[in-house]
Amino acid sequence: MKDSNTEAAAPEGASAYERAGVSIDAGHRAVELMKGAVARTHGPEVLGGIGGFGGLFRAAFGNLTDPVLVASTDGVGTKTKVAVRVGRYGGLGADIVNHCVNDILVQGARPLFFLDYVAMGRLKPEAVAEVVTGAAQACEALGVALLGGETAEMPGVYVEGELDIVGTIVGVVDRPRLVDGRRIEAGDCVVALPSSGLHTNGFSLARMALDGLNWDEGRDDLGGQSLAEVLPVPHRSYLQAHAALEAAGADIRGMAHITGGGLVDNPPRVFPAGIGMRVDTSSWTVPPLFELIVREAQVERLEAFRALNMGVGFLIIVPAAQREQALQVLAAAGEQPWVIGEMVAGQGVTFAAGVTGDGVNA
């Protein structure tokens, strides 16, 4: 199911509805441009096709003994303004899909279906189709059905030339395999997986810091890349990394998706009472883009760890005895994992250098 509600300036000789600001044809064109990509995400569990009032999904959970649905809704924040500035929208679709998938992955859920909402002040069918096609491609890669969505054009609500994107994901986990952090203990090992960039958070700070720089020129401090190349890089998914650990029988006691709030505020959301995390800041090299933002914004290091992911996209907590197994399994799955810290008695997250005894020094 894909729907559209569009308002736009009407051409001369337009219908009364168009003169009132609603362009039905523009909405239909956007749907026409994206429907092939959306249809490719539909497996046999999707009943009906594009154009219905509601999406239909057959809830068949195989051998799950006590299936629990897990749902999440989120947006991509002001990363949309970066997409508008550089004129590339497709990455935003992957951003919102992967962000939402990672959010429910924290509880061990596999995604079932996704719905999107794309809104603009004035509808640009090609831009909307680029976003939704990007979302469909991300869904297809992860085996998720893009079940439905909404395209809206609302001048006066959204600034001319800007857009907004929201996504909703629904997944499922067998209750005996639900990951809620209750079994986390002091001494457990914290394994980190790298981000692909800012992901979908921290762009207000990044834009403030970088606005006056030339986004099109290659920079030595970015390895020759330009800001226009590195800032739109899509949020990545950690679904396959988790699947590899699960298949290997790892005891995953907790996970954290490092989004808004960074390493300061996100991990404690899964800690049991009386348990904290100690992060070894010397265990990885903070990517150059983050260092550039910190330098240009002149922010304190702790504030940066709260506003940005600083190169850390996802955390997985396992018993210390499974440390090497987890690292090997993740590396075999194509990841670049490292031990970022350990769980300790206390609360919240503390930062120190050299506490894990391994990793890459910054």
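## Strands β8 and β11

Strand β8 (residues 189-194) and strand β11 (residues 312-318) pair in the antiparallel sense through six bridges. Two strands count as paired if DSSP finds at least two bridges between them. Cysteine 189 has valine 318 in β11 as its bridge partner. Strands of a sheet pair through backbone hydrogen bonds, either parallel or antiparallel.

The model is predicted: local features need pLDDT of at least 70 and side-chain atom pairs count only at pLDDT 80 or more, while totals for chains, interfaces and linings use all residues. Residues are numbered from 1 along each chain as its sequence is written, and side-chain values use heavy atoms, with hydrogens and water left out. Helices (H or I, at least four residues) and strands (E, at least two) are DSSP runs, numbered from the N terminus.

## The sheet

Six strands form an open sheet with mixed pairing, in the order β9-β11-β8-β12-β10-β13. Its edge strands are β9 (254-257) and β13 (349-352), each of which pairs on one side only. From one strand to the next, the twist averages 25°.

Helix α4 lies across β9 and β11, and runs at about 155° to β9. Angles run from 0 to 180 degrees between N-to-C directions, and axes are lines fitted to C-alpha atoms, for helices over the stretch in contact.

## Helices α4 and α5

Two packed helices are described by the angle between their axes and the distance between the axes. For α4 (residues 90-105) and α5 (residues 125-142), the angle is about 40° and the axes are 6 Å apart. That makes α4 oblique to α5. Angles under 35 degrees count as roughly parallel, over 145 as roughly antiparallel, 65 to 115 as roughly perpendicular and the rest as oblique.

The crossing of α4 and α5 is right-handed. A crossing is right-handed if the near helix is turned clockwise from the far one by less than a right angle, and left-handed if anticlockwise. Residues of α4 in the contact include Gly90, Gly93 and Ala94, and those of α5 include Glu130, Val131 and Gly134. Contact means heavy atoms within 4.5 Å. By class, there are eight nonpolar, four polar and one charged residues in the contact of α4 with α5. Ala, Val, Leu, Ile, Met, Phe, Trp, Tyr, Cys and Pro count as nonpolar, Asp, Glu, Lys and Arg as charged, and the others, Gly among them, as polar.

## Two further helix pairs

Helix α6 (residues 203-210) packs on helix α10 (residues 288-297) at an angle of about 65°, with the axes 8 Å apart. That makes α6 roughly perpendicular to α10, and their crossing is left-handed. The contact of α6 with α10 has nine nonpolar, no polar and one charged residues.

Helix α8 (residues 239-247) and helix α12 (residues 323-332) pack at about 130°, with their axes 9 Å apart. That makes α8 oblique to α12. Here Ala241, Ala244 and Leu245 of α8 meet Ala326, Val329 and Leu330 of α12. By class, this contact of α8 with α12 has six nonpolar, no polar and no charged residues.

## Asparagine 201

Asparagine 201 is in the loop between β8 and α6. Leaving aside neighbours within four places in sequence, asparagine 201 is in contact with His99, Thr259, Gly260 and Ala307. The C-alpha atoms of asparagine 201 and histidine 235 are separated by 9.6 Å.

## Confidence

The protein chain has a mean pLDDT of 89, and 86% of its residues reach 70 or more. This score is the predictor's confidence in each residue, from 0 to 100. Over residues 357-362 the pLDDT is below 50.
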